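Please look over the sequence and the model first, and then follow the text with both at hand.

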Amino acid sequence: MSEERESRNFIENEIDHDLEAGVYDHVVTRFPPEPNGYLHIGHAKSIVLNQGIAKEYGGVFHLRFDDTNPTKEKEEFVESIRADVEWICGEKSPVFFASDYFDEMYRCAVLLIKKGKAYVCDLTADEIRAYRGTLTEPGKDSPYRNRTVEENLDLFERMKNGEFADGKKVLRAKIDMASPNINMRDPILYRVARMTHHNTGDTWCIYPMYDFAHPIEDAVEGISHSLCTLEFEDHRPLYDWVVKECEFKNPPRQIEFAKMYLTNVVTGKRYIKKLVEDQTVDGWDDPRLVTITALRRRGVTASAIRKFMELSGVTKSQSSSDYAMFEYCIREDLKMDCTRAMAVLDPVKVVIDNYEEGKVEWFEVPNNPENPELGTRKIPFGRELYIERDDFKIDPPKKYFRLFPGNEVRLMNAYFVRCVDYKTDDQGNVTEIHCTYDPETRSGSGFTGRKVKGTIHWVEKSHAATVEARLYENLVDEEKGVYDEEGNVNVNPHSLMVMPDCKVEPLLGEGAKGARFQFMRNGYFCVDVKDSTKEHVVYNRIVSLKSSYKPGK
């Protein structure tokens with residue numbers, strides 16, 4: 001066996017075997033979300049896997065909405081999912097709806113009744129549970145299990161026609177009430193439920209159950225490999241039973257893989273919904289969440305998500321991925337493509353006393369020193385500047401190499417400056433720093449007279465733009481864990497810090513919505529697509545520059 005073959009994941013090996021054996025002559029995969037909420041980072045694994053497998057084999061990838069439960073489904077969720085999947089995939093995929101197959105599902109149910117493989121049952125939900133048995137004890141037959149085919153056909157049609165109240169009757173498969181797999185103990189196929197459907201309106205008052213609908217959807221669409229997560233492994237015998245008994249040719253094959261779990265994040269829909277309703281977060285797209293729409297708003301790239309999924313791997317074993325690995329993928333994806341610009345988040349004014357008033361120099365600097373293809377730009381330098389408040393200390397600690405009285409530092413891409421004085425307000429806060437500069441030390445001049453240990457960034461005052469920056473930390477208080485004893489999220493009170501008066505170089509003041517930059521020393525930022533306006537530009541920090549994560553070899 002070749003080295004390349006050995007490195008393939010188990011799903012690829014199974015598909016290789018199926019194609020070589022002639023079981024299938026082409027590959028069709030699908031991502032089948034129920035439109036009952038917003039997608040999150042965990043769903044991305046299935047999207048990336050299914051699309052990637054289809055592309056690898058020159059096949060087709062479908063987006064299919066499993067919309068068989070109208071009580072929880074909304075058009076809002078359909079549209080958000082459609083946008084998320086298109087964004088992650090980088091292209092539009094064929095879109096299908098399970099509800100488009102309701103006629104076919106009804107036909108299959110009638111076929112099962114005619115074959116003596118399904119019956120109408122009058123037991124209540126509680127009675128069905130009691131009759132089902134346990135993991136160690138077999139179930140017992142429903143008293144309605146031996147109705148005639150004619151009676152079942154009549155009752156099922158009357159169910160469809162709305163003659164029975166919700167919950168009064170169900171259609172069940174007739175399989176084996178003593179099966180060691182509880183899913184095979186005469187599972188429910190259809191229930192009576194008067195619900196307005198987002199796609200079919202009030203056409204139907206009976207709806208198929210997921211375990212019946214899903215294999216039919218796959219078979220109708222010609223899906224070759226139904227890739228799903230491990231919780232469906234015990235449902236596979238029922239999946240296979242449905243496609244066989246409904247007499248589909250070339251039935252799809254279900255293969256299960258482990259879900260992706262991410263440490264210290266909130267993915268449960270009910271938890272996110274509560275955070276939204278309590279206004280702990282600013283909607284489903286709040287950048288502190290890991291919904292796909294929130295990650296996109298924060299500025300995370302689709303390619304970073306795809307890279308993260310590749311590093312996480314495809315296995316049969318449940319495991320958790322470190323959020324630091326996700327941040328590593330984001331940094332790696334952005335570092336070569338982003339312009340590196342200067343932004344002062346917490347500004348304090350600097351006056352260079354010996355610099356000519358009214359004079360402005362323009363320095364040409366690379367947009368990204370690691371990627372010359374991004375070109376250069378010019379930045380202004382003048383007598384008055386802004387620097388970060390943390391870059392100046394009146395009484396500096398040991399090994400502090402930035403600006404303090406009497407110390408000299410380099411202003412990035414400019415000159416050496418030495419602090420000669422400073423001013424404070426009544427509370428002792430520094431309001432203004434006075435320096436002198438050495439014109440011989442201009443960056444790029446080849447000056448070698450002396451060295452300084454500190455280099456700080458800055459923004460020239462007269463050309464500076466003012467923007468708002470939002471600094472995000474983990475929404476979860478990692479020391480306490482994700483949830484408390486009552487099941488509520490342990491929210492980190494410092495998960496959002498708003499910096500309303502950031503001073504930035506001119507380029508950043510013109511940032512178009514969605515534009516990404518590296519703020520030197522502060523991290524990667526993206527112009528917010530929701531709150532930013534031409535008059536008030538808002539930047540979200542995508543990720544900081546610091547990381548302790550090192551990818552494994």
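How many bridges join strand E12 (residues 339-341) to strand E25 (residues 516-519), and do these strands run parallel or antiparallel? Three bridges join E12 to E25, and the two strands run parallel. The model is a predicted one, in which local features need pLDDT of at least 70 and side-chain atom pairs count only at pLDDT 80 or more, while totals for chains, interfaces and linings use all residues. Residues are numbered from 1 along each chain as its sequence is written, and side-chain values use heavy atoms, with hydrogens and water left out.

**Strand pairing**

Strands (E, at least two residues) and helices (H or I, at least four residues) are DSSP runs, numbered from the N terminus, and two strands pair if DSSP finds at least two bridges between them. Three residues lie between the strands in the hairpin of E25 and E26, where Arg-521 takes a positive phi near 75 degrees.

Strand E24 (residues 496-504) likewise has two partners to follow here. Strand E13 (residues 343-344) is joined to E24 by two bridges, the two running antiparallel, and Val-344 has Lys-503 as its bridge partner in E24. Strand E23 (residues 465-472) pairs with E24 in the antiparallel sense over seven bridges, with Arg-470 standing opposite Val-498 in E24.

**Salt bridges**

Side chains of opposite charge can pair when their charged atoms come close. A salt bridge is taken here as a side-chain nitrogen of Lys or Arg within 4 Å of a carboxyl oxygen of Asp or Glu, and by this rule the count comes to 54 salt bridges. Three of them are set out in the table.

| Arg-107 | Glu-104 | 2.7 Å |

Arg-107 and Glu-104 both lie in helix H5 (residues 102-114), three residues apart, which is about one turn of the helix. An α-helix has 3.6 residues a turn, so residues three or four places apart point the same way. Arg-107 is partly exposed, because its relative accessible area is 39%, and Glu-104 is partly exposed at 23%. Lys-335, at 26% relative accessibility, counts as partly exposed, as does Glu-332 with a relative accessible area of 35%. In the remaining pair of the table, Lys-423 is partly exposed at 44%, whereas Glu-432 counts as buried at 15%.

Arg-470, which stands opposite Val-498 in E24, also belongs to a network of salt bridges that links Asp-282, Asp-285, Arg-297, Glu-468, Arg-470, Asp-528, Lys-530 and Asp-531.

**Aromatic rings**

Rings of Phe, Tyr and Trp (its six-membered ring) pair if their centres lie within 6.5 Å, and planes under 30 degrees apart count as stacked, over 60 as edge-to-face and the rest as tilted. By this rule the count comes to 26 aromatic pairs. One of them is the tilted pair of Phe-392 and Tyr-422, with 5.8 Å from centre to centre and 55 degrees between the planes. This pair links distant parts of the chain, 30 residues apart, since Phe-392 lies in the loop between strand E17 (384-388) and strand E18 (408-411), while Tyr-422 lies in strand E19 (residues 416-424). Phe-392 counts as buried at 5% relative accessibility, whereas Tyr-422, at 29%, counts as partly exposed.

Ring pairs also link Phe-102, Tyr-106, Phe-156, Tyr-190, Trp-204, Tyr-207 and Phe-212 into a cluster.

**Helix H8**

Just after H8, Gly-222 takes a positive phi of about 75 degrees.

Technical notes:
Buried means under 20% relative accessible area, exposed over 50%, partly exposed in between (1.4 Å probe, protein chains only).
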